[in-house]
Amino acid sequence: MSLLAQLIALWLVRRQLAQTLTCSRWGTPSDSGLFEDGDVIIGGLFNLHYMPPVREQRFTLEPDNKPCTGLLNLPLQYIYAMVFALEEINHSSALLPGVKLGHRIHDSCALPAWEMQAALSLVGGDAPSCNSGQDETEVGAGGQRVPLIIGGSSSITANVLSRLLGPLSVPLVFQEEIQGTGVCLSFLETLQRENIESDTRRAALTIQASTAKVILIFTWFTDVMELFLQLEKLNVTDRQFLASEAWSTSSDLRQSTFSRKVARGVLGVAIRSSPLPGFGTFVRNLNPRLRPNDQFLKEFWEKEFGCSPGIAAAPSSFSLPPCNGTESLWDVENLFTDASQLRVTYNVYLAVYAAAHALHSLLSCPDVSRSPGGNVACSLHTQIKPMELMEHLSKVNFTTPQGEAFYFQGADVMAKYDLLNWQSSPEGEVNLVLIGRVDGFDLHLNESAIQWSTGSSQVPVSVCSESCPPGTRMATRKGEPICCFDCIPCADGQISNTTGSTQCNRCPSEFWSNAERTACIPRQLDFLSFNETLGITLTAVAVSGVTVTTAVLTVFLYYRHTPMVRANNSELSFLLLLSLKLCFLCSLVFIGRPSAWSCRFQQAAFGVSFVLCVSCLQVKTIVVLAAFRSARPGAEALMKWFGPGQQRGSVCLFTSVQVVICIIWLSLSPPQPRPDLKVPGLQVTLECAMASVVGFSLVLGYIGLLSCTSLLLAFLARKLPDNFNEAKLITFSMLIFCAVWVAFVPAYVSSPGKYAVAVEIFAILASSYGLLLCVFAPKCFIILLRPEKNTKKHLMAR
């Protein structure tokens with residue numbers, strides 16, 4: 001922000017508030033100051049001293065009135081720049097003719113209590129008595145209220161005054177403005193002048209503990225000196241400091257031994273230096289003998305020459321010898337007499353001229369030209385209202401005696417700064433090097449000319465956490481600044497393709513994240529293939545089942561005239577073997593890339609084949625039960641109902657029901673090949689999606705119904721008095737069949753992707769092998785290995 005905007009403080013105080021302040025002032029302001037009577041009084045508030053008075057141990061909010069010590073040369077120059085400008089204006093015939101500007105300048109000592117006390121005394125008039133009925137026109141220079149204060153030469157001072165005296169919209173740097181530029185604050189420490197040693201010690205420890213490598217300091221240079229001293233004690237020498245204009249050009253700070261060790265390569269801003277003709281001569285001609293009421297000049301004279309000027313000496317000069325009168329500032333070289341680099345000093349000069357032009361505009365007659373030289377006697381200067389003066393101040397547009405155009409942009413002036421760098425010379429000196437300029441919103445910077453704290457041209461890095469690389473996101477740490485975070489890898493299916501991403505973005509359903517989580521790639525279709533191990537294994541088992549079934553069928557055909565084959569309804573046995581072969585073969589339809597025809601055919605083949613198997617077993621069991629029932633007296637005609645024609649018809653009837661179910665299901669809502677995008681992962685299974693769960697449930701339900709019926713009939717016929725009762729074999733086969741398919745349902749539902757297909761194939765093969773081995777293995781054993789038992793006599797024996 002512009003320091004000029006801080007130096008011009010227009011406090012909006014109503015008459016009632018001013019009267020109240022007059023009657024209830026907070027303590028008595030210090031007598032030390034610089035006062036001059038005039039028609040209009042301009043206030044001034046500067047940080048002239050840097051050592052606060054020793055506080056008394058008392059419980060009171062009233063500020064101490066003991067004088068501050070430690071006179072600073074540069075702020076003294078600011079004060080006399082204000083005096084110089086006022087005297088120029090009073091001698092001008094063009095600006096405020098006929099109006100004398102006076103001044104009341106106080107030292108705030110950079111203490112909030114002193115600032116408030118001095119400001120209240122200025123706006124309240126500091127009248128010696130509390131007479132609320134006294135008219136303002138009767139208040140002299142010692143008690144006349146000031147409509148405008150030039151002061152607040154630091155951000156802290158300006159902030160305190162603006163909060164106290166009125167809603168002046170002056171933009172200040174504190175924390176919100178800094179964070180608004182994208183800068184993260186690792187910590188924020190405040191230094192109080194009253195406790196400067198303890199505060200700087202605390203701040204130094206904070207800097208030492210922080211990972212921040214770049215430290216921005218807004219404070220007076222004397223406070224910075226104390227901070228650097230504490231940092232030297234802690235051996236903190238690896239920080240890059242950014243300086244505000246309050247200390248960036250301080251020669252005392254640059255030349256101190258501890259600053260050379262702690263603060264190498266400081267980068268700072270400084271108010272643009274401008275020449276001020278005549279000011280150097282004005283300063284060097286100052287003499288306390290010519291200004292007997294000037295307390296500030298007396299104190300400086302005593303400090304510089306070690307003698308008392310001999311006129312109304314201050315208490316501090318009692319022990320000093322009198323001056324001989326030959327002392328002159330023409331022989332003094334310090335910051336007070338040096339007029340070669342006028343920065344804040346020139347801004348004070350501009351502030352006074354801005355106030356004068358605002359007063360000129362306010363006091364001019366409405367019907368007279370308001371150009372310089374016009375009549376300004378129409379309005380009484382004792383009735384100046386701060387609000388009206390503020391309106392005129394915001395509209396000033398003039399040219400200074402040096403030819404510089406001046407105007408406000410809102411509540412500020414166009415920023416003009418020099419960018420400076422502290423660079424060490426081979427002789428060990430620390431020099432100020434101009435590395436750039438700021439003109440309004442234009443920045444001109446020579447980066448190659450910067451010498452950083454590291455001693456090189458490499459820009460130092462100051463981050464709490466390195467930027468998160470692509471594929472990760474930032475996760476802030478609880479209780480730490482927002483720039484301190486952890487980098488969390490993106491979850492599966494999410495990506496971040498930029499550095500420093502705060503969140504991961506989910507890929508579209510047809511895409512998945514790559515291994516680095518930086519890009520979305522198309523998902524790969526996966527299915528149970530004949531080329532993979534699982535597909536090869538299941539194919540081999542299915543082909544083996546077909547081979548074994550074919551071998552059994554061959555044996556039965558070869559021995560079709562033997563009692564073992566004929567006694568158990570050879571026609572149904574052949575039909576059962578054929579249906580088992582179809583069951584083994586239908587499992588192969590489930591392997592391979594699903595297509596529209598394969599999705600329809602596999603379910604129809606599966607449902608019809610197993611119904612055909614179970615129908616054959618059910619009819620065989622019914623025939624066994626009917627045969628034994630017909631042996632009883634009076635039941636001879638029972639077998640007429642279960643002859644060969646009826647057996648074939650029953651099988652066809654049971655099977656046709658499943659065929660009808662499959663035709664309706666596959667016609668209305670057939671399964672379709674569809675990728676299962678709900679399952680996470682790069683590979684997505686291409687499966688036969690069941691468009692109608694009802695149709696698939698009816699197919700399985702009908703198989704289950706026939707299986708349970710067959711199991712029940714076989715269980716009832718298991719103890720019939722035959723040496724070879726086929727019902728026992730059917731009972732065992734149906735038990736295995738039912739157990740397999742009961743276990744199939746939960747396994748199928750819980751299996752992901754292609755493994756659900758593998759579970760269904762396994763159930764088909766397991767149940768088929770169970771039927772083949774339980775029904776035909778004992779028969780083949782007798783036919784091939786025990787031919788002596790393959791006789792009618794043996795089979796009919798009980």
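Predicted model: local features only at pLDDT ≥ 70, side-chain atom pairs only at ≥ 80, totals over all residues.

Reader: Okay, how many helices and strands does the protein have?

Author: The secondary structure comes to 23 helices and 24 strands. Of the 798 residues, 49% count as buried.

Reader: What do the contacts look like along the sequence?

Author: Take the contacts between residues at least 6 apart in sequence: 70% of them join residues at least 24 apart.

Reader: Let's switch to helices. What can you tell me about α13?

Author: Helix α13 covers residues 344-363, so to speak 20 residues, and reaches 29 Å from its first C-alpha to its last, close to the 28 Å expected at 1.5 Å a residue.

Reader: Is α13 mostly covered or mostly open?

Author: Mostly covered: 20 of its 20 residues are buried.

Reader: Which residues have the most contacts inside the largest nonpolar core?

Author: Those are Y80, M82, F228, L231, F241 and W247, in a core of 96 residues. Helix α13 gives the most to this core, with 15 residues.

Reader: What does Y80 touch, then?

Author: Leaving aside neighbours within four places in sequence, Y80 is in contact with several residues, including L34, F279, F282 and D294. Another core lies apart from the largest one; this other core has 64 residues, among them V546, F590, W741 and F776.

Reader: New topic: what's the strand order in that six-stranded open sheet?

Author: The order is β8-β9-β10-β13-β14-β15, with mixed pairing. Strands β8 (214-217) and β15 (442-445) stand at the edges with a single partner strand each, so one side of each has no neighbour in the sheet. From one strand to the next, the twist averages 25°.

Reader: How do β14 and β15 run, parallel or antiparallel?

Author: Antiparallel, with four bridges joining β14 (residues 430-439) to β15. Opposite L445 in β15 stands G436.

Reader: Last one: I clicked on T222. Where is it, and is it buried or exposed?

Author: T222 sits in helix α8, residues 221-233. It counts as buried because its relative accessible area is 13%, under the 20% cut-off. Not counting residues up to four places away in sequence, T222 touches Y50, L72 and R193.

Methods: Residues numbered from 1 in each chain as written. Heavy atoms only, no water. Helix = DSSP H or I, 4+ residues; strand = E, 2+ residues; numbered from the N terminus. Buried < 20%, exposed > 50% of the residue type's maximum accessible area, 1.4 Å probe, protein only. Contact = heavy atoms within 4.5 Å. Expected span 1.5 Å × (residues − 1). Pairing = 2+ DSSP bridges. Axes fitted to C-alpha atoms, helices over the stretch in contact; angles between N-to-C directions. Core = buried A, V, L, I, M, F, W, Y, C linked by side-chain atoms within 4.5 Å.
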